[in-house]
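Please open the model in your viewer and keep the selection panel at hand.

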Amino acid sequence: MELRTRALQVLQIPDPYEKAAAARALFDGRPTLALDPALMLQPGTELPGRPARPQLMSVLQVPSRSPFTTEGRAALLHAIAHIEFNAINLALDAVWRFPGMPEAFYTDWLQVAAEEAFHFSLLDEHLRTLGKQYGDYDAHDGLWSMARRTEGDVLARMALVPRTLEARGLDATPPLQAKLARAGDHRAVEILGIILRDEVGHVLIGNRWYRHLCKARGLDPVALYPTLVERFEAPRLRPPFNVQARTAAGFSPEEIAYLSS
Ligand SMILES: [Fe+2]
Ligand SMILES: [Fe+2]
């Protein structure tokens, strides 16, 4: 079995638990798999494979949640589990979709897929201690829609998925941890700590390949970014920014200053 072909198969798996297990198994099994960066693959079904629930709705229809009731906390953790489920899909999509990249690109995104699967499992397990599981609440489709918009260009994908949407998680996590700590959910705080640590790595991978592609095409990464945000209608990020995590994730002071402008 070829690695990118298998990544597409795993992306098509609808069951989230089966998908998470398969993503981790694929990463563990990578030394035994062939990798063909030149392969042009075609999905046989609509992407991504996803379960019948959660029902998807527009971002604006999803109510905001208070962590100070068990119900509200479960809904909040469900929303994060949904982000992680989408993140598995986004990482696998990077592996199969874009031919002609160096081998390390594919193994980097496979590692991300395995870590997202781990995050999903941690959150789902915790959700079960509150009597809920993934699928029990409605969810929004914002993340995959950005994947769709950037499916034609790996450079735009790197700019707008890992270094925009995933990077937003770096900013959002510490305030969320503080809220959950006030609500007394120490396990959730711990899980978010693991996620934050790994997400710095994911954004770093995004930055690495974004810069690699800019260099290959003779483009200035700092000047290009705002034009991509505009062209692909990416969300403009709002402060406060987690400068420490963003610096560790490879953003330059110049790039962090642009966000704050
Ligand atoms: Fe994650
Ligand atoms: Fe991630």
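Donors are here N, O and S atoms within 2.8 Å of the metal (3.2 Å for Na, K and Ca); water is not among the atoms, so sites may look incomplete. This is a predicted model, in which local features need pLDDT of at least 70 and side-chain atom pairs count only at pLDDT 80 or more, while totals for chains, interfaces and linings use all residues. Residues are numbered from 1 along each chain as its sequence is written, chains are lettered from A and ligands numbered from 1 in the order in which they are written, and side-chain values use heavy atoms, with hydrogens and water left out.

**The two iron ions.** Select Glu116 together with both ions: Glu116 bridges the iron ion (ligand 1) and the iron ion (ligand 2), which lie 3.6 Å apart.

Glu84 belongs to helix 3 (residues 70-97) and Glu116 to helix 4 (residues 103-129), so the pair ties together parts that are 32 residues apart in sequence. Helices here are DSSP runs (H or I, at least four residues), numbered from the N terminus. Both Glu84 and Glu116 are buried, that is, under 20% relative accessible area with a 1.4 Å probe and protein chains only.

**Ligand 2.** Move to the iron ion (ligand 2). Its protein donors are Glu116 (OE), Glu166 (OE), Glu199 (OE), Glu199 (OE) and His202 (ND1), lying 1.9 to 2.5 Å from the ion. The donor residues are spaced E-x49-E-x32-E-x2-H in sequence. Glu116 in helix 4 and His202 in helix 7 (residues 186-216) link distant parts of the chain, 86 residues apart. His202 is buried, as is Glu116.

**Helices 4 and 7.** Now select these two helices. Helix 4 and helix 7 pack at an angle of about 165 degrees, with their axes 10 Å apart. That makes helix 4 roughly antiparallel to helix 7, a term for angles over 145 degrees. Axes are lines fitted to C-alpha atoms, for helices over the stretch in contact, and angles run from 0 to 180 degrees between N-to-C directions. Among the residues that meet are Glu116 and His119 in helix 4, and Glu199 and His202 in helix 7; contact means heavy atoms within 4.5 Å.

**Helices 3 and 4.** Finally, select helix 3 with helix 4. Their axes lie 8 Å apart, at an angle of about 160 degrees. Helix 3 is therefore roughly antiparallel to helix 4.

Definitions and conventions: Buried < 20%, exposed > 50% of the residue type's maximum accessible area, 1.4 Å probe, protein only. Parallel < 35°, antiparallel > 145°, perpendicular 65-115°, else oblique.
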